[in-house]
Amino acid sequence: MSNYGKSIVLAASLLLTAQTLTLANASADAVCFVLREYEGKIALMEEGCDEPLAVYKTPISSLYPADAELLKEGIRLKNRAEVSRLVEDLSLE
């Protein structure tokens with residue numbers, strides 16, 4: 001392989017490494033949320049935190065049993081759009 005070819009391979013390798021590091025950092029910086037039961041109520045938590053961001057008035061007992069069971073374990077959400085969609089789907093107030 002010529003020096004020119006080696007330079008292209010090296011440049012491509014460095015670019016791929018830089019993109020991989022950028023994606024890894026973006027994932028690490030992304031905030032994830034968990035909607036779960038908290039002290040008998042439904043709460044939105046930031047993943048890894050003990051204090052809720054929001055506590056909803058809707059009693060967990062008013063939900064379908066399958067939904068209530070999922071909330072006991074916690075439903076992980078990737079972003080605020082997913083949070084909004086699930087809060088609306090569950091009709092949480």
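How many bridges join strand E1 to strand E2? Select residues 33-38 for E1 and residues 41-46 for E2: the two strands run antiparallel and are joined by six bridges. Strands here are DSSP runs of at least two residues (E), helices are runs of at least four (H or I), and both are numbered from the N terminus. Two strands count as paired if DSSP finds at least two bridges between them.

A word on the source: this is a predicted model, in which local features need pLDDT of at least 70 and side-chain atom pairs count only at pLDDT 80 or more, while totals for chains, interfaces and linings use all residues. Residues are numbered from 1 along each chain as its sequence is written, and side-chain values use heavy atoms, with hydrogens and water left out.

Next, go to the turn of the hairpin. Tyr38 has Lys41 in E2 as its bridge partner. Two residues lie between the strands of this hairpin, and Glu39 takes a positive phi near 55 degrees there.

E4 runs antiparallel to E1, and three bridges join them. Select Val34 to find Arg76 of E4 opposite.

Move on to Val55, in strand E3 (residues 52-56). Not counting residues up to four places away in sequence, Val55 touches Lys41, Ile42 and Ala43, where contact means heavy atoms within 4.5 Å. Val55 and Lys41 are 14 residues apart along the chain, with their C-alpha atoms separated by 6.9 Å.

Then select Glu93, in the segment after helix H3 (80-89). The relative accessible area of Glu93 is 65%, so this residue is exposed. Leaving aside neighbours within four places in sequence, Glu93 is in contact with Tyr56, Lys57 and Thr58. From Glu93 to Lys57 the C-alpha distance is 5.5 Å, across 36 residues of sequence.

Finish with the cysteines Cys32 and Cys49. Cys32 counts as buried because its relative accessibility is 12%. Cys49, with a relative accessible area of 36%, is partly exposed. How many disulfides does the structure hold? The structure holds zero, a disulfide being a pair of cysteine sulfur atoms within 2.5 Å.

Notes:
Buried < 20%, exposed > 50% of the residue type's maximum accessible area, 1.4 Å probe, protein only.
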